[in-house]
Amino acid sequence: MTTALIIGDLQRGITGNYPFTGTVLPPIKSLLPRARAAGALVVFVHFALRGNGADLPPGNALFESFHGAGDTFHEGSAGTEIDLPVAEEDVVVLKRRAGAFAGTDLDLVLRARGVDTVAIAGVATSAMVAATAYDAADRGYHVTVLRDGCADGDPEMHGFFVDKVFPSRGFEVVPCAEWLVGGA
C-alpha cells in the first residue's frame, strides 16, 4: 500500500484571513515529519485564480468574490503561498476549483507513485475536503479524513461532515496523531 497525505488550501491568504484555520496548523505541522519519515507522499494543494479572470465560471458569485479578494486568491500573489513547510520531495499542485482533482494533474502524480490510499486535511471541511474526498473515492482511492487536520468556518458543519457524512461514505476519520500508526 502506498499512501499520500493531501493538504489543501492552507495558504497565507486563507490562514491570515480566516481565523478558524488556525486550529489545523499545529496538528498538521506535527504530522508532516512523521508522514515523510513513514514514506507517505506529501501533496500540498493551493487555490489560485488568474488575475484576468479567465478561469472564473460565468455567473458564479462565490468565485467572483474570491477573484474580487485580489491578492488573497490571485495566482502568483503572496496570498496563494503555502503556509506550511514544503520539503523538496513534496508535490505542490495548483487548483482553480474546490476539489484537488478538478482540472489538475493530482491523479497523474498519485498513480505515477502507485498511491492507492489518501489522507485528506485542510480547509474547509465542507468544501475542499469534501470535494476532494468524494472525487478520490470515485477514482478508486481508499480515503481517510484527518479530523483535527481539517476545519470549517461553521464548527457544526465540520462536526456534521466528520461525524456523519464521511463515515456514511465509508471514509475513515481519525485524528492526525493516530494516522500512520504502523507506517505508510
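Colleague: How many aromatic pairs does a search of the whole structure find?

Modeller: Good place to start, and please keep in mind that this is a predicted model. Rings pair if their centres lie within 6.5 Å. Searching the whole structure that way, the number of aromatic pairs found is 11.

Colleague: Is the pair of Phe66 and Phe73 stacked, tilted or edge-to-face?

Modeller: The two ring centres are 4.9 Å apart, and the planes of Phe66 and Phe73 meet at 50 degrees. Planes under 30 degrees apart count as stacked and over 60 as edge-to-face, with the rest in the remaining class. The angle of 50 degrees therefore makes the pair of Phe66 and Phe73 tilted.

Colleague: And what kind of pair do Phe160 and Phe161 make?

Modeller: Here the ring centres of Phe160 and Phe161 lie 6.0 Å apart, with planes at 85 degrees. An angle over 60 degrees decides the class. So the pair of Phe160 and Phe161 is edge-to-face.

Colleague: Is Phe161 buried or exposed?

Modeller: Buried means under 20% relative accessible area. Phe161 has a relative accessible area of 10%, so Phe161 is buried.

Colleague: Let's turn to charges. How many salt bridges are there?

Modeller: A salt bridge needs a side-chain nitrogen of Lys or Arg within 4 Å of a carboxyl oxygen of Asp or Glu. One of them joins Lys95 and Asp9, at 3.2 Å from N to O. By this rule, the number of salt bridges is 10.

Colleague: How many residues apart in sequence are the parts that Lys95 and Asp9 tie together?

Modeller: Lys95 belongs to strand S3, residues 91-95. Asp9 is in the loop between strand S1 (3-8) and helix H1 (12-15). Lys95 is buried at 1% relative accessible area, and Asp9 is buried at 8%.

Colleague: Which residues are linked in a network of salt bridges with Arg50 and Asp55?

Modeller: Look at a salt bridge whose closest N and O atoms are 2.9 Å apart, formed by Arg96 with Glu75. Arg96 counts as buried at 16% relative accessibility, while Glu75 is partly exposed at 41%. In the network, Arg50 and Asp55 are linked with Glu75 and Arg96.

Definitions and conventions. Residues are numbered from 1 along each chain as its sequence is written. This is a predicted model: local features need pLDDT of at least 70, side-chain atom pairs count only at pLDDT 80 or more; totals for chains, interfaces and linings use all residues. Side-chain values use heavy atoms; hydrogens and water are left out. Buried means under 20% relative accessible area, exposed over 50%, partly exposed in between (1.4 Å probe, protein chains only). Helices (H or I, at least four residues) and strands (E, at least two) are DSSP runs, numbered from the N terminus.
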